[in-house]
Each structure stands twice: as structure tokens, then as C-alpha cells.
Amino acid sequence: MAKPTEVTDSDWDTQVLKSDVPVMVDFWAPWCGPCRMVAPLVDELAEEYDGKARFYKLNTDDNMQTASKYGIRSIPTLLVFKGGEMVDQVIGFRPKSDLKKSLDKAFA
Amino acid sequence: MAEREYDIVIIGGGPAGLAAGLYAARGMHRTVLLEKGVVGGQISLTEMVENYPGVPSVNGFDLAQTMLKQSESYGMETEYVETKGIEKTGQKWRVTTSGDDTLIGKAVIVTAGAEYNRLGVPGEERLTGKGVSYCATCDAAFFRDMEAAVIGGGDAAMDEGLFTTRYVSKATVIHRRDELRASRILQERAFANEKMSFLWNTVVEEVLGDDQVTGVKLRNVVTDETSEMPLSAVFIFIGQHPNSTFLEGLVEMDAGKHAIVDEWMRTKQPGLLAAGDVRQNSARQVASSVGDGVTAAIAADHYITDTFRD
């Protein structure tokens, strides 16, 4: 079963930027209520896109370097990457259909 | 596009809606609750709820999740869609949503709550989530050692402004009047906090920045002088408005667009009820909203029993 895995400041480049398939990263923190609403939706997408895309979670409390590099100023924020480039972002809690639409931009 | 029949359709998943759902489902009514965002509404963004009787202290999101599970355990269904409209169809109500199906209810309980007001200035919407925030407890941590503005002069502005000082180097309260509306205790705390300063008689004309907030353009309402202030975050707390757009033209409303209801949460439309922050004179507390929701569910139960007896 495909599940989102943790990514950190130190393995960000190898896991996310050098991925050969599109990547969705869920920026979250333990204290953030809406983040806990987004997490199960990302879990579902990870199953649906198994083999086609990879899914990561980045804890912004522990990985401020990456969070600030991408100008994260509010969580949850989801970033979508393709070939090391950010192609889309979703800020705040959105329904699953919006998350899917955002991820699909990496396949356009 | 299918039509689905329910006894009770509840619009909005805050404390009022969740409590109404619990009573409706326990009353053996086929019940669906519609939520466009996060279950819990305003409390899902609250770090700690400390004034819900019987629960000494609880995270707002956790409290909402507990309420949701309790209501669902009695058969309440939950759907994550936005409500588009309500209209009468025979003796029932038709609810259209952003989802595929149309929902038919013998009774509809509107618990859509309230939403924060926006300033309505250029740059605000574009930079939301990029330095513009309506929730300090959610976002302040991203502005460690940076400067922030706090817009507003009420309890929320002081409360959240004080919270930002855990992180920011300086929080400037920008208020259009020359005194605060906030309760005395919060005013005293704010004035005593050395990270907080105050800019009176001043309004924000524009939020500046390309992909991040870099400052605000200000105007003094007395002298009409304009100025710019460099900063990284703008926290906005200037009151709220009820989510009552889909009730317009359908029920009586006050000047603030709150639905007018009787003591049973009934509007003048049979089978259409409103409870919690969306109604006139709500006390705007978790406990009072729960009470509202329960009252509305009991009234809906009586209405359905009287009107639809076969």
C-alpha cells in the first residue's frame, strides 16, 4: 500500500527534486488542526496515484529551512513538483477534488 | 445527477450542526450534514477551548472530531460539499450543492456559522497564505523574528495579537479609531506587552508584495496622510459576517444578514430552521451553539412528526 513518507531538510533534494515522477508534498505541523483534515485526503491520493506519483509529508516545525525556502507562510500547504520544478500549490484546507486538480497539473 | 431523500438536512458542521445532527440521528431521522471545509468551523482553528462545561480544556479540532464521531455513531451522514441554494419543493426542501446529487429534506437546519471579514483592499486576497492571515494561532509560527501588523481593535485582535508576540519581533496594532473596543483585561495585557505597539486612526489601503508580503500602505483617517510600513505579516481581525447568502430572499434577516428565528430556532418558513452564529443574537459560544443545534433538532422532529404523518 502506497503511503506518504516523511521528508526532511536533509533528504529534500534527493527525494523531491530528483524524483523521476511527479511529487506532492504536504507541509504540516502537529499543532495544526486543518492539517489533520488534509492528511487522510493525501493518503487516499497516494493510493490512487500509486506508481505514478510520490507523496511526502514535511513537518515544518522540524524542517524550517525547506519551509522558508518555499515561502510557506500558512499550513496546510501542498506543493506539487515535476522534474524538480514547482508546478502548483494549494494553501489551506481544500476538498479532495481541488487537490487532485492541482496534482494533475504535473501530468498535463 | 440524482436526488437523495433525507428527513433532515443540516448545512454547516460547526458545534451547532454537529449537535443538531446528534439529536436528529438519535431521533431516528435520516440525517445528512453538509460541510464545505473543516468540521468544527471556527473552533477547529482554536488552540484551546476552556469554557465548554464539563470539559476543562480541549483542543478545538479534537473537540469537533469527538462531536463528529459521536453524531456519526448514531447514523448521521457527512458530506464535504458547498451548499449552493435552498428552495421549496412541495412540502419539502431541495438543497443544491457543489456535489453531484441534489438533497431533499423534510426539514433543513442551517448552521452555516460565520466567517471573518476581509479588509477588501488590493493585495489582500492575492497574498492570503503568503503573509496575510486571519488566524494567528495557525500562521504566526512562520514569522519568527519578523515584524507583523495586527488589524482591528476588538477582543480577537488583542487575543491573537498577543499570541503573535510568542514569535514575531514586533506586532503593531493598526486601528481605525483612537481607542480599543477590546475588553479591559485584554487591553491591559496588550499595552503591557513590550513587543506590541499601537497605530491609531489608521487604515490599511493596500497590502504590498509580489509573492510574499513586504509591507502595507497606510492612511491616517484624521490627517489623510499616507505612509508605507515594511513588514512580513498582516493578521486581520475585523469582525465577522454570517454565511447566510443562500437564505437571502427566503427568510427574514436583520441588518447584519443574520436569520431571524423564534425561540425554537424556526424561521417563518415551515421546516426551515437556523441555529448558531448564523442566527440573530447568537451568543457566539460553543456551548450556546450546541444548545441552539439541539433546540433546532427537537423543533425539526416535532415539525416532521406533525406535518408528514402517513
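The briefing below treats the sheet of chain A, the sheet of chain B and a helix pair in chain B.

The model is a predicted one. Chain A contains an open sheet of five strands with mixed pairing, and chain B contains an open sheet of five strands with parallel pairing. In chain B, helices α4 and α5 have axes that come within 10 Å.

**Sheet of chain A**

- The strand order in chain A is β1-β3-β2-β4-β5.
- Strands β1 (5-6) and β5 (85-91) of chain A form the edges, each pairing on one side only.
- Two bridges join β1(A) to strand β3 (residues 54-59) of chain A, in the parallel sense.
- Opposite A:Lys57 in β3(A) stands A:Glu6.

**Helices on the sheet of chain A**

**Sheet of chain B**

- The strands of chain B follow the order β8-β15-β9-β10-β11.
- The edge positions belong to β8 (132-133) and β11 (196-199) of chain B, and each of these strands pairs on one side only.
- Strand β9 (residues 147-151) and strand β15 (residues 233-236) of chain B are paired in the parallel sense over four bridges.
- B:Ile151 has B:Ile236 of β15(B) as its bridge partner.
- Helix α4(B) packs on this sheet and touches β9, β10 (170-174), β11 and β15 of chain B. The direction of α4(B) makes about 170° with that of β9(B).

**Helix pair of chain B**

- At what angle do the axes of α4(B) and α5(B) cross? The axes of helix α4 (residues 155-164) and helix α5 (residues 184-192) of chain B cross at roughly 40°.
- Because of this angle, α4(B) is oblique to α5(B).
- The crossing of the helices α4(B) and α5(B) is left-handed.
- On the α4(B) side, the contact is made by B:Asp155, B:Met158, B:Asp159 and B:Leu162. On the α5(B) side, B:Leu186, B:Arg189 and B:Ala190 take part.
- By class, four nonpolar and three charged residues make up the contact of α4(B) with α5(B), with no polar residues.

Note on methods. Residues are numbered from 1 along each chain as its sequence is written. Chains are lettered from A and ligands numbered from 1 in the order in which they are written. This is a predicted model: local features need pLDDT of at least 70, side-chain atom pairs count only at pLDDT 80 or more; totals for chains, interfaces and linings use all residues. Side-chain values use heavy atoms; hydrogens and water are left out. Axes are lines fitted to C-alpha atoms, for helices over the stretch in contact, and angles run from 0 to 180 degrees between N-to-C directions. Angles under 35 degrees count as roughly parallel, over 145 as roughly antiparallel, 65 to 115 as roughly perpendicular and the rest as oblique. A crossing is left-handed if the near helix is turned anticlockwise from the far one by less than a right angle, and right-handed if clockwise. Contact means heavy atoms within 4.5 Å. Ala, Val, Leu, Ile, Met, Phe, Trp, Tyr, Cys and Pro count as nonpolar, Asp, Glu, Lys and Arg as charged, and the others, Gly among them, as polar. Two strands pair if DSSP finds at least two bridges between them.
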